[in-house]
Amino acid sequence: MSTMPARPDHRRNRARRIAIGAAVIVVVAGVNGPAIWRFGSEKYHDYEINKPEYKAENGHWDYLDVPSEYRINSIHAALLHTGKVLLIAGSGNNQKNFDAKKFESVLWDPKTGDFKKIPTPKDMFCAGHTQLPDGKLLVAGGTKRYEKLQGDVSKAGGLMVVHNEDPDAPKTLPAGTAFTGKENGKTYVSKDPVLVEKAKKVFDPATGRFLRTEAGLGRIYVEAEESGKEHETGTEDNYRVQGLKGSDARNLYGIAQKLALDKKDFQGIKEAYEFDPVAEKYITVDPMNEARWYPTLTTLKDGKVLSLSGLDEIGQIVPGKDEIYDPKTKTWKYTGIVRKFPTYPAIFLMDNGKLFYSGSNAGYGPATVGRDPGVWDLETNEFDTIPGLSDPDRLETSATVMLPPAQDQRFMVIGGGGVGESEKASEKSRLVDLKAPKPRFKDGASLEKGTRYPSASLLPDDSVLVTGGSSDYRGRGGSNVLQARTYDPRTGTYKRVADPQVGRNYHSGSLLLPDGRVMIFGSDSLFADAANTKPGVFEQRIEIYTPPYLYRNARPEVSGGPKSIERGDSGVFKVKDPASIRTARLMRPSAVTHVTDTDQRSVALDVTKTAGGVRVTVPKNRALVPSGRYLLFVTDGKGTPSEGVWVEVP
């Protein structure tokens with residue numbers, strides 16, 4: 001477990017700062033030794049970044065003081081409508097935790113600084129999540145088995161596709177079912193039960209004449225009974241299912257390709273839960289139809305949730321079997337259409353109810369399947385590809401944001417890298433206006449260097465904080481990018497701000513807090529040194545960025561007002577100085593993992609001044625403002641935001 005650094009002392013008086021600064025300058029000027037120079041430089045840097053004028057221009061980073069018993073490998077985070085932050089590790093990419101069934105979640109209250117451990121029923125490591133209309137958080141999928149690298153695999157295994165020729169009923173085969181090859185004579189055993197769909201009768205649509213029967217299918221992972229290379233296969237074979245009698249023996253059989261000792265990928269689970277922010281516990285709901293590891297959950301216009309992609313229970317990409325969760329019935333149903341994406345695809349709800357896929361994804365899947373960005377009509381399964389994307393082979397581990405305000409329907413794709421463990425990284429920021437007659441990507445302002453895993457959080461002043469990442473795969477070669485910038489959508493420019501103190505790459509993310517600060521967490525470097533000789537340790541330190549707008553003399557204060565506003569309706573809120581208010585935004589709280597956050601959006605509200613406050617009006621469009629809990633921020637003429645006030649849009 002990492003050791004938490006002492007929090008910087010920001011209360012040193014000005015005279016002491018000047019004295020320290022002067023002493024450092026004398027030391028640096030009088031000594032040429034590298035160690036002394038580095039010591040002096042660090043002290044002077046600390047002195048500089050703590051100047052009030054520096055903070056007012058660049059903001060400031062602080063460590064969050066997390067007691068040791070609450071430090072976990074935070075891989076997922078969500079802001080809840082109670083104002084608390086749910087941090088989820090599951091097994092935390094730690095096989096020992098997984099084997100011991102040690103699954104962890106922690107709740108943090110930014111107001112009080114309190115932490116609380118949350119009993120975590122399953123391994124939610126690399127699950128998907130999204131905010132639900134009633135304010136609960138849906139968490140679905142996670143880890144069934146850790147990967148095994150080539151050389152660690154002792155028993156040959158792989159995918160067995162089980163066929164059912166019976167059109168009258170599906171069949172279930174229990175775990176431990178044995179399959180014996182007709183040609184190779186080798187036997188493999190299933191690790192889990194499998195449901196094999198019933199066969200489908202196909203008729204001629206014109207004449208109604210019966211044409212053929214298509215076998216129902218089930219997919220299961222199988223392993224050889226014994227260890228050794230002699231149990232591998234290299235060619236396709238038909239497999240007899242042992243123990244069956246009568247018609248089942250004729251109707252059920254398996255087909256497998258290569259069953260080998262090669263690398264075995266992670267496997268997903270079907271389990272799903274709702275986290276109740278008030279009861280502060282996970283509630284079991286109906287499991288998904290498909291097991292998923294690295295899935296994306298995207299809330300739709302009607303409040304239902306689309307679940308797509310991920311690795312299934314045998315470690316393969318779910319073959320386009322997308323499904324939808326209904327929060328009212330708490331059940332899942334297939335969409336009935338097939339569209340394939342790599343894992344953790346960045347898919348956003350548009351204001352017309354369609355879905356935008358930016359091409360961003362987190363890292364599993366063929367380089368040639370489901371990578372093109374475009375607009376997807378879920379009702380018709382039509383997909384309109386959007387051209388012009390630069391560095392199209394460097395979209396993996398990129399971040400995507402819906403630029404504020406959401407009404408503009410402009411998106412930005414930031415950085416990214418090559419597929420898999422590629423050394424390639426992109427410095428590009430690609431922009432697309434989906435309201436244009438013929439949308440096309442164009443390049444915007446660039447980052448200083450190619451950046452994989454950048455975190456991007458929308459701020460209430462309509463800027464975007466972009467921070468962290470690495471220029472190589474998982475920070476390899478000491479490649480973490482210790483830089484932060486704000487992006488202004490109005491000018492299309494980046495502004496360098498205060499540098500973070502901790503490198504962030506794989507398994508990291510950031511989210512906006514109700515008080516206008518930003519939390520950034522996680523990081524899972526392969527190595528702890530630039531020479532790639534020491535294994536990395538999961539980064540448990542959490543940093544809080546305070547933007548420049550919180551170092552101004554005063555900020556607007558909002559109070560009163562309704563707890564709920566219908567779409568198309570207005571609410572009046574008390575404000576100390578109504579004349580100073582320029583904008584109002586409804587900001588949907590984040591649910592982020594692997595720098596993927598399809599929930600966050602900032603919706604502009606119409607604002608009119610009243611005698612003692614402001615009247616804000618919520619747009620009528622349900623797809624623009626999906627049902628749920630939002631933070632209402634108002635900003636003054638300088639762009640200084642109020643603290644967020646929770647408002648429900650039913």
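This report describes a predicted model, going through its strands and sheets, a pocket, and several single residues.

## Basis of the description

The model is predicted, so that local features need pLDDT of at least 70 and side-chain atom pairs count only at pLDDT 80 or more, while totals for chains, interfaces and linings use all residues. Residues are numbered from 1 along each chain as its sequence is written, and side-chain values use heavy atoms, with hydrogens and water left out.

## The six-stranded barrel

Six strands make a closed barrel in the order β9-β16-β12-β11-β17-β18, with antiparallel pairing. Strands here are DSSP runs of E with at least two residues, numbered from the N terminus, and two strands pair if DSSP finds at least two bridges between them.

D168 counts as exposed at 63% relative accessibility, where exposed means over 50% relative accessible area, buried means under 20%, and partly exposed lies in between, as found with a 1.4 Å probe on protein chains only. The C-alpha atoms of D168 and E197 are separated by 9.9 Å, although these residues are 29 apart along the chain.

## The second largest pocket

The second largest pocket holds about 860 Å³ of space. A pocket is an open set of points on a 1 Å grid over the protein atoms alone, with protein on both sides within 12 Å along at least five of seven lines, and its lining residues have an atom within 4 Å of a point. Grid points are joined across faces, edges and corners, and the volume is the space filled by probe spheres set on the points, the probe being 1.4 Å.

The lining of this pocket consists of 30 residues, of which P193, K270, N289, A291 and E313 lie nearest the centre. At least two lining residues come from each of β8 (143-145), β13 (194-196) and β16 (216-224), and β16 gives the largest share, four residues. By class, the lining has 13 nonpolar, five polar and 12 charged residues, with Ala, Val, Leu, Ile, Met, Phe, Trp, Tyr, Cys and Pro taken as nonpolar, Asp, Glu, Lys and Arg as charged, and the others, Gly among them, as polar.

## An open sheet of four strands

Four strands form an open sheet in the order β26-β27-β28-β29, and the pairing is antiparallel. β26 (347-349) and β29 (382-385) stand at the edges with a single partner strand each, so one side of each is left without a neighbour in the sheet. Strand β28 (residues 374-377) is joined to β29 by four bridges, the two running antiparallel, and the bridge partner of V375 in β29 is D384.

Strand β38 (residues 508-512) and β39 pair in the antiparallel sense over five bridges, with V518 of β39 as the bridge partner of L512. The two strands form a hairpin with five residues between them, and G516 in the turn has a positive phi of about 95 degrees.

Strand β39 (residues 518-522) is also joined by three bridges to strand β40 (residues 543-546), and these two run antiparallel; in β40, I544 is the bridge partner of M519. Five of the five residues of β39 are buried, so this strand is largely enclosed by the rest of the structure.

## Backbone exceptions and a strand residue

Most residues other than glycine have a negative phi, and most peptide bonds are trans. E280, in the loop between β20 (272-276) and β21 (281-285), has a positive phi near 55 degrees and is buried at 13% relative accessibility. D462, in the loop between β34 (455-458) and β35 (464-467), has a positive phi of about 80 degrees and is buried with a relative accessible area of 9%. A cis peptide bond, with omega about -10 degrees, joins P404 and P405, and P405 lies in the loop between β30 (399-402) and β31 (410-414).

K495 is found in strand β37 (residues 493-496) and is partly exposed, with a relative accessible area of 33%. Leaving aside neighbours within four places in sequence, K495 is in contact with E57, N58, A484, R485 and T486, contact meaning heavy atoms within 4.5 Å.
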